[in-house]
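I opened my notebook for a first look at this structure. Here is what I looked up, entry by entry.

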Amino acid sequence: ALCLLAQCELGLEQPEAARRAAAAASAAAPDDEWGHRLHALALSQLGRHDQAIAAATEAVRLAPDLPSSHWILGHALLGSPARANEAYPVAQRVVALDPHDADGFVLLGLAADKHKRRDEERAAYRKALELDPDNAAAMNNLAAMDLNRGRLGRAARQMTAALQMDPHEQVLRANLDQLALRLLGRLLNAMLLSGFVLLLTIAAESSGDLPA
């Protein structure tokens with residue numbers, strides 16, 4: 001019942017209430033990984049990453065063959081700047097335990113990003129979309145990769161598709177703001193260049209010499 005309450009609070013975006021319920025659950029049944037797993041998830045949402053890693057590590061110890069425990073440990077590690085690089089082998093373990101879970105491949109892509117393994121990162125997101133064509137996180141992350149490489153047209157198409165999948169995702173909305181700023185910058189540069197060429201043309205016409 002306490003674990004179900006923690007899940008409800010997480011669904012209502014009340015991580016502190018979820019943390020209290022999950023802590024009570026893990027105290028009531030310390031050998032059950034479920035309470036520790038939910039506790040780690042709530043702590044991660046509260047930004048208490050070291051404590052989240054500890055709770056997730058305990059969940060993994062209690063259920064070493066459960067992909068969801070490793071998945072939460074991976075996300076807790078990614079949330080900690082000092083330990084983010086440790087998430088890569090954890091993500092590999094998630095994918096090995098459940099090769100049909102799209103979220104596991106999204107985690108692998110995020111972990112590969114920390115090691116700058118761009119080809120592996122992109123392949124992981126594409127595999128996630130192959131398994132789940134409506135996975136907004138994978139689509140958003142592919143768009144972010146294209147945005148960072150200046151492929152604004154492709155990024156715009158992918159972000160539009162991701163927005164249709166999950167119109168309330170805050171990370172996606174932040175990326176859309178970045179895309180809009182870059183598109184505006186590109187437009188302003190084009191306008192400045194066009195204006196400069198126009199001034200050169202007018203000057204050349206007035207002198208009777210029009211250069212190539």
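What percentage of the 212 residues in the protein chain do buried residues make up? I found that buried residues make up 39% of them; buried means under 20% relative accessible area, exposed over 50% and partly exposed in between, with a 1.4 Å probe and protein chains only.

Before going on, I noted that this is a predicted model, where local features need pLDDT of at least 70 and side-chain atom pairs count only at pLDDT 80 or more, while totals for chains, interfaces and linings use all residues. Residues are numbered from 1 along each chain as its sequence is written, and side-chain values use heavy atoms, with hydrogens and water left out.

Next, the overall layout. I counted 11 helices and zero strands in the protein chain (DSSP runs numbered from the N terminus: H or I of at least four residues for helices, E of at least two for strands).

Then I turned to the inside. The largest nonpolar core has 33 residues (a nonpolar core is a set of buried Ala, Val, Leu, Ile, Met, Phe, Trp, Tyr and Cys residues joined through side-chain atoms within 4.5 Å). Leu73, Leu77, Leu108, Ala128 and Ala138 have the most contacts inside this core. Helix 7 (102-114) is one of the helices that each supply at least two of its residues, and helix 7 gives the largest share, seven residues.

Leaving out residues up to four places away in sequence, Leu77 touches Ile53, Arg83, Ala84, Glu86, Ala87 and Val90 (contact means heavy atoms within 4.5 Å).

Now a helix pair. Helix 5 (residues 67-79) and helix 6 (residues 87-97) have axes 9 Å apart and pack at about 155°; axes are lines fitted to C-alpha atoms, for helices over the stretch in contact, and angles run from 0 to 180 degrees between N-to-C directions. The two helices are therefore roughly antiparallel (over 145 degrees; under 35 is roughly parallel, 65 to 115 roughly perpendicular, the rest oblique). On the helix 5 side, the contact includes Trp71, Leu73 and Leu77, and on the helix 6 side Val90 and Arg93 are among the residues.

My last entry is a second pair. The axes of helix 3 and helix 5 come within 10 Å and cross at roughly 25°, which makes helix 3 roughly parallel to helix 5. Among the residues making this contact are Arg37 and Leu41 of helix 3 and Ile72 and Ala76 of helix 5.
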